[in-house]
Amino acid sequence: MERILVVLPHPDDEAFGLSGTLAKHIKNGAHVTYACLTLGEMGRNMGNPPFATRVTLPSIRKKELEESCRAIGIQDLRLLGFHDKTIEFEDQELLDGKIDAIIQEIHPTMIFTFYPGYSVHPDHDACGAAVVRTVARIPKAERPPVYCLAFAKNLEQGIGRPDVFHDVKDFLPQKIKSILAHRSQFQVAELLNYDEQITKEIQDRFGTERFWTYPFQ
Amino acid sequence: MQLINQEDVQRRIDNLKDQEVYIHLEMTTGAYAAHFDSSKHPAANFITNAVIRFSHGSISGNGPYRVGLKMGQGWVYSEGLTHYEETETERLIMAGHDSQGKLIVSLQLSRQPF
């Protein structure tokens with residue numbers, strides 16, 4: 001049985017790039033643990049028109065994340081309690097230690113995170129860097145593969161093309177529910193009038209997820 | 001949140017003066033500003049749960065609004081505020097949202113930490 005560990009910094013980081021892949025693995029019997037580092041409490045999106053405030057945003061985003069996880073079928077959600085926008089400044093020992101403790105507990109057969117340096121948001125890069133540092137300490141023979149999300153503009157020059165593709169067309173209902181769960185964060189043009197019909201437009205836009213396998217030395 | 005009612009906000013500012021209060025002050029273009037438009041310069045700052053005491057404070061403008069708080073040795077200033085949380089009884093929660101509803105600026109005061 002696959003044991004999957006997902007480490008991402010913000011509620012909603014799972015929705016666009018990874019939720020279909022997770023739903024697919026879960027359908028095939030995988031157990032997923034999602035360690036979400038923060039509650040995204042510094043997000044700028046408050047709903048449109050705004051229904052969240054700086055004060056209510058963390059609890060609203062926590063509920064949205066739980067709803068997204070239910071839609072995907074994620075069995076184990078862990079909220080690690082770090083503060084949004086601060087991951088790159090955190091005590092690395094503390095950060096790596098929390099990630100390592102989960103790895104030691106669940107012995108994942110694969111890990112998903114962001115590709116450090118190619119994921120645009122400083123929290124994404126710092127989260128990926130922490131996962132890579134932690135996994136690099138595991139003896140090579142026992143090291144699970146780390147599949148990375150990335151979306152920087154300079155991707156191809158830096159890390160080439162993605163090497164893992166998942167066709168998630170059969171899992172678009174789950175994926176769209178995951179995206180729509182984050183209602184304070186996203187107003188997605190293609191999904192404004194979504195009525196459970198998977199159109200060709202939705203398939204083209206959301207039907208494939210792509211990852212870079214991290215090249216450990 | 002509702003659009004700022006200037007008189008109500010002024011009353012709330014006055015209720016918090018001459019005492020130690022926790023402040024959250026923030027301004028941000030968003031972490032993705034330059035990713036979406038390379039001509040943009042991404043910038044953000046926030047300070048949260050610093051303790052201040054102000055002796056005079058007021059809200060001015062015609063919307064978006066400005067707030068200035070005069071402290072013993074300095075000032076707190078914020079421009080671009082559009083909304084406040086009218087259901088708060090003790091705290092003052094204000095923010096400025098752009099035309100898409102995204103937060104650009106916020107100023108919050110409370111007797112308890114945020």
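Cys36(A) is buried, with a relative accessible area of 1%, where buried means under 20% relative accessible area for a 1.4 Å probe and protein chains only. This is a predicted model, in which local features need pLDDT of at least 70 and side-chain atom pairs count only at pLDDT 80 or more, while totals for chains, interfaces and linings use all residues. Side-chain values use heavy atoms, without hydrogens and water.

**Cysteines**

With a disulfide taken as a pair of cysteine sulfur atoms within 2.5 Å, the count over all chains is zero.

| Cysteine | Nearest cysteine sulfur | Distance |
|---|---|---|
| Cys36(A) | Cys69(A) | 8.0 Å |
| Cys127(A) | Cys36(A) | 8.6 Å |

Cys127(A) is likewise buried, at 0% relative accessibility.

**Nonpolar cores**

A nonpolar core is a set of buried Ala, Val, Leu, Ile, Met, Phe, Trp, Tyr and Cys residues joined through side-chain atoms within 4.5 Å. The largest one has 30 residues, and Val7(A), Leu37(A) and Val135(A) have the most contacts inside it. Helix 4 of chain A gives the most to this core, with six residues, helices being DSSP runs of H or I with at least four residues, numbered from the N terminus. Leaving aside residues up to four places away in sequence, Val135(A) touches Ile103(A), Ile111(A), Arg143(A), Pro144(A), Val146(A) and Phe216(A), contact meaning heavy atoms within 4.5 Å.

Note on methods. Residues numbered from 1 in each chain as written. Chains lettered and ligands numbered in written order. Buried < 20%, exposed > 50% of the residue type's maximum accessible area, 1.4 Å probe, protein only. Helix = DSSP H or I, 4+ residues; strand = E, 2+ residues; numbered from the N terminus.
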